[in-house]
Amino acid sequence: MKTYFKYIALPVLAFGLAACADTDGDGEGEFTWEGSQNPENVSYRNPVWEPSLAGGTVFRAASNFVAISQETQWAAGLDYACPSLQSQNMMTWSSNQQAFTYPVVTDEIDETTGEAVVTPGSYPEWLTGRITAVSADFARTIAGANYWMVYASEDDNAFGAATASSGMGPYTDQGCFLTAGDLGVESLRYPHLSVFVTNYYLGYTTENGSYLQQLNLRRGQVPALRGAAVKVAPAEFYDICVFRVSNTDYYMFGTVKTGSGSEIRYGRSTRPTGPFVDKNGVELTDGASKGELLVEGGTEFEAPCHPMRMLVDEQGVHFLAYNASAIGNSAMPSGFKRQPLFVSPLEIDEDGWFTTVAVPQSGWTSPRFQ
């Protein structure tokens, strides 16, 4: 909103001011404050988090925003059990916590076994491989377990669940709740949790396609599948997430391979489980459509992937959180993936389709998340 001031005609150096002439000769005039044009006041810098938030998740918590990474080594030899980040504005993030904690070998010796005493951590004991994918969301109606996480490892072909009273954690593991064998498939990848008030959905990808299925979430219990799984896309449209605009408008985002790279595409539906269609009304499950292009690689960053969540600010601008890789610099010194976190603004037209294709790049991005 513009604010008007009176001023006495003195020599001044104005910035961001639009002045009108003193036509009455009384030494007074008016100027309009257009707001500061400093880049940091109207823009933000991408990537919003480096060096990596590969396989991670972003969601709106009760009083802030939270991002949680896969298990990683940001520095060689230093393991992080799913580091947690927090932000007040989606643009500036800080990290000082981990979603899980590893067991710690102490200096104390057990008199019975003669071995060092191990302080147990919260890290899931059933896993045999590193956690490579996490998804979490705020289930505010479940007292004592407001935050739920689903996760997968690189070796287990299964999903586990964990709960917390704070979005950043620490999370209490609830154990394994779904395996590839339970579904009669060979591979089970890319868990995604969506919370729509009191309805909870699990997204996942198998060799047969990408699916959505309702979940029952109860405090102190592992999630239970509810109803039948619904196929929403072929396996080539993977790593899906679903976002709701209204009770009758849902978007499904997914990663689609392009030769040696990837891009992010989407479809729309009037129901949370589809069918999702492209602009021509072709269902993604037909295999004839890969959906509409939303994010593609550029000259600096390539292979955009892993759409985490769409968030809307107070001005109604939609922002998508996702990963991309710097060309020629896709791994950290530790050998782990270097996939920074990007947040790109996207506009929706009156017909409900996104009007632009985002390209991940470093530097100033407008507008800011309000």
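Predicted model: local features only at pLDDT ≥ 70, side-chain atom pairs only at ≥ 80, totals over all residues.
**Largest pocket**

I looked up the volume of the largest pocket and found about 670 Å³. I counted 31 residues in its lining, with T132, Y190, C305, K337 and Q339 nearest the centre. I then checked which strands contribute: β13 (131–138), β14 (147–153), β17 (189–196), β21 (237–246), β22 (249–258), β23 (261–269), β25 (301–312) and β26 (318–326) each give at least two lining residues. β25 has the largest share, with 4 residues. By class I noted 15 polar, 9 nonpolar and 7 charged residues in this lining.

**Second largest pocket**

I recorded a volume of about 550 Å³ for the second largest pocket. Its lining has 19 residues, and R60, D137, V195, F196 and F243 are the closest to the centre. Two or more lining residues come from each of β13, β17, β21 and β25. I sorted the lining of the second largest pocket into 11 nonpolar, 5 charged and 3 polar residues.

**Strand β15**

Next I asked how many residues of β15 (158–164) are buried. I found 7 of the 7, so the strand is largely enclosed by the rest of the structure.

I then followed the pairing. β14 and β15 run antiparallel, joined by 6 bridges, and V150 has A161 of β15 as its bridge partner. Their hairpin has 4 residues between the strands, and N157 takes a positive phi near 50° there. β15 also pairs with β16 (172–179), antiparallel over 6 bridges. For A162, I noted D173 in β16 as the bridge partner.

How values were computed: Residues numbered from 1 in each chain as written. Heavy atoms only, no water. 1 Å grid on protein atoms, 1.4 Å probe; cavity = no way out; pocket = protein on both sides within 12 Å on 5 of 7 lines; lining within 4 Å. Points joined across faces, edges and corners; volume = space filled by probe spheres on them. Nonpolar A, V, L, I, M, F, W, Y, C, P; charged D, E, K, R; others polar. Buried < 20%, exposed > 50% of the residue type's maximum accessible area, 1.4 Å probe, protein only. Pairing = 2+ DSSP bridges.
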